[in-house]
Amino acid sequence: MNTGSNGTEVAMAIDGDRSAEGERVTVDKDEQETERPLGSRAPAYIKARKTLHLSWQVGVFVVGLAVVSAGVAMLVLPGPGWVVIFGGMAIWATEFVWAQLVLRWTKRKVSEAAQRALDPRVRRRNIILTTIGVVICAVLAGIYLWKFGITLPWKIES
């Protein structure tokens, strides 16, 4: 809702049906351009009917719960567990404000970690530690091969 201010305040509705009542939140201009407003992303004809909107939310919750549960199972089973968990959170974020806030926090933390990883001193440290780890693994593999040799599981001579 545009109140004619300088662009640092945004009025957000508490729920999709009542856009006149809202809470005032201060937002940076950069955040305002990149982040969508909080709230339901259900189509207008669904939001207009309370029972249909409630059943829509239950459906979104159940689908998101199934995806998050599959992601949790993939943490111990083969599969991209964390990616699936964040996909389930994204499904929940289409309808629930708490999931949108968790997803925004996660995106912010991931981008901060990426910026820290691009720091030249951190990159140099990571390269040095990786090189040391590779050298240690190569030395241990060399010692193992020197002591035990290569034993193939089948007989080549016969």
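Trainee: What covers the buried residues of α5?
Mentor: The cover includes α4 (81-93). Contact here means heavy atoms within 4.5 Å, and helices (H or I, at least four residues) and strands (E, at least two) are DSSP runs numbered from the N terminus. Keep in mind that this is a predicted model, where local features need pLDDT of at least 70, side-chain atom pairs count only at pLDDT 80 or more, and totals for chains, interfaces and linings use all residues. Residues are numbered from 1 along each chain as its sequence is written, and side-chain values use heavy atoms, with hydrogens and water left out.

Trainee: Which residues in α5 are buried?
Mentor: Ala99, Gln100, Leu103 and Thr106. Buried means under 20% relative accessible area, exposed over 50% and partly exposed in between (1.4 Å probe, protein chains only). They cover an arc of only 125 degrees around the axis, so they sit on the same side of α5; the arc is that of the directions from the helix axis to the C-beta atoms.

Trainee: And what's on the face turned away from that buried side?
Mentor: Gln115 and Arg116 are there, both exposed.

Trainee: Why does a span of 30 Å fit α5?
Mentor: Helix α5 has 21 residues (97-117), so at 1.5 Å a residue it should span 30 Å, and its end C-alpha atoms are 30 Å apart, which agrees. The expected span is 1.5 Å times one less than the number of residues.

Trainee: New topic: what pattern does the chain follow?
Mentor: Along the sequence it goes β-β-α-α-α-α-α-α, with six helices and two strands.

Trainee: How much of the chain is buried?
Mentor: Of its 158 residues, 17% count as buried.
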